[in-house]
Amino acid sequence: MSGEVSNRIAIVGMACRFPGARNPEELWANLRAGVESIRFFSAPELRAAGVPPEQLADPRYVRARAVLSDVELFDAPFFGFSPRVAEVTDPQQRIFLECAWECLERAGHDPERSRGEIGVFAGTGLSTYLLSNLSRSPTFAAVGTLQTAIGNRTDHLAPMVAYKLDLRGPAVTVQTTCSTSLVAVHLGCQSLLNYECDMVLAGGVSIEVPQQAGYLYVDGGIGSPDGHCRPFDAAAQGTLSGSGCGVVLLKRLEDALADGDAVHAVILGSAINNDGAQKIGYTAPSDDRQARVIAVAQTVAGAHPESISYVETHGTATPLGDMIEIAALDRVFRAKTRRRAFCALGSVKSNFGHLDTAAGVAGLIKTVLALRHREIPPTLHFERPNPEIGLADGPFFVNAALREWPAGDRSEEHTSELQSHHD
């Protein structure tokens, strides 16, 4: 078997619902045009949504969120749900199921006709639908505790997709907070390489309801004071929350090529790790452990830093988070190269904030689209680099404008690697 395809994973399908984008095509149009998909609510809208008057009057209250449209819609009969069961099922489960089906459909793979087994690795956020809607609904009592738990407990996401789509590979719900969807992709890759299945749906979903709500700005917290996310900029003060869902279909590269699949991108290697207690606080990452997982991913992928021309970052625009992330990347790259400003950085959070359990797959889908179109979309709101993160003399620059991304001479330059650091 050729070393060019062994131990490599093809992305052969994608589906998504992100703020301002119902599919990958709409997402790419927004990214390419530098669209910020953030809703800023009026006081009447927020009052109608039930936001208390004292919160609206608080000068720290930020009236912004990245909203996902049509979360209340669902074709229950198509997926075999009764109206009552659909009503008590979290929109996160409903929309992820729709995206999983769409991902297979876009890739041209019918589970009923598939020669191999298909697995599911995915994660979802806390069911605010249960807390905000069902706890006061008479349907809750009518349907019963078990069915309500099936529709709202995070554990049931992957098994429900497997049940409804008749997928017989591993069905594993992943929960690692904001790294969930990338860890799901990593575990899906490992399952394929271990021949536990022949295709994998991997991704994540996060939908917080009610969506028509802002948040209180806390000095030193993760929330931005004005509803804009400015990764790596001198004015960066945090991000904001949003809702979204993303799914990719993975397949061993040799099988994808043999079957004539459309290969959107290739994952050369992936790695995950954890900080343990080696950080200053539970929510503050460790640059040492981040550097380690980046180095391992590059080693597994066989990718020299100089062959990497773009990194889609976590990029939350918090002063501490950005500084630690760049310090970790800088340490790994500078260990093997002295070149400067050759690798672009980006963060999709500048377009629609932090999507929690769907954040990682949003960045992955963005990068796959950039590879396909050979263009790097702009990271928004970047004007001056944060002087604390040391971009001036390092290998990185923040890509603030649409630029061409031509294929390089080496195979590593038109494929991608994946790493995930989780708390």
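This report describes helices, nonpolar cores and salt bridges in a predicted model.

Residues are numbered from 1 along each chain as its sequence is written, and side-chain values rest on heavy atoms, with hydrogens and water left out. Local features need pLDDT of at least 70, side-chain atom pairs count only at pLDDT 80 or more, and totals for chains, interfaces and linings use all residues.

Helices and strands here are DSSP runs numbered from the N terminus (helices H or I with at least four residues, strands E with at least two). Helix α5 covers residues 91-107 and contains Q93. Burial is judged by relative accessible area, with buried meaning under 20%, exposed over 50%, and partly exposed in between (1.4 Å probe, protein chains only). Q93 counts as buried because its relative accessibility is 7%. Contact means heavy atoms within 4.5 Å, and, when residues up to four places away in sequence are not counted, Q93 touches I150, G151, N152, R153, H156, L157 and M160.

E102 is also found in helix α5, and at 16% relative accessibility E102 counts as buried. With neighbours within four places in sequence left aside, the contacts of E102 are A15, R17 and N23.

A nonpolar core is a set of buried Ala, Val, Leu, Ile, Met, Phe, Trp, Tyr and Cys residues joined through side-chain atoms within 4.5 Å. The largest such core has 66 residues, of which F81, F96 and L167 touch the most other members. The largest share of this core comes from α5, which supplies 8 residues. F96 reaches a set of residues that includes V120, A122, L157, V161 and C245, not counting residues up to four places away in sequence. A second, separate core of 47 residues has V62, V183, Y215 and V361 among its members. In soluble globular proteins, nonpolar side chains tend to be buried together.

Helix α13 runs over residues 319-334, and its 16 residues reach 22 Å from first C-alpha to last, close to the 22 Å expected at 1.5 Å a residue; the expected span is 1.5 Å times one less than the number of residues. The buried residues of α13 include G321, I324, A328, L329 and F333, and the charged D322, E325 and D330 are buried as well. Among the elements that cover these buried residues are α12 (287-301), β11 (310-312), β12 (343-346) and β14 (396-398).

L320 also belongs to helix α13, but L320 counts as partly exposed because its relative accessibility is 36%. Together with I280 and M323, L320 forms a nonpolar patch on the surface with about 290 Å² of accessible area. Such patches are made of residues with over 30% relative accessible area and no salt bridge, like charges being joined within 9 Å and nonpolar side chains (Val, Leu, Ile, Met, Phe, Trp, Tyr) within 5 Å. Accessible areas come from the Shrake-Rupley method with a 1.4 Å probe, and for residues only the protein chains shown count as cover.

## Salt bridges

The structure holds 22 salt bridges, a salt bridge being a side-chain nitrogen of Lys or Arg within 4 Å of a carboxyl oxygen of Asp or Glu. Three of the pairs are listed here.

| Salt bridge | N to O distance |
|---|---|
| E25 and R106 | 2.8 Å |
| D261 and K251 | 2.6 Å |
| E312 and K366 | 2.9 Å |

E25 counts as partly exposed at 43% relative accessibility, and R106 counts as partly exposed at 38%.

D261 is buried, with a relative accessible area of 14%, and K251 is buried, with a relative accessible area of 4%. D261 and K251 also belong to a network of salt bridges that links them with R115 and D259.

E312 and K366 are both buried. E312 lies in strand β11 and K366 in helix α15 (residues 359-373), so this pair ties together parts that are 54 residues apart in sequence.

## A loop residue

D155 lies in the loop between α8 (145-152) and α9 (157-165), and D155 counts as partly exposed at 40% relative accessibility. The C-alpha atom of D155 is separated by 5.7 Å from that of T173, which is 18 residues apart from D155 along the chain.
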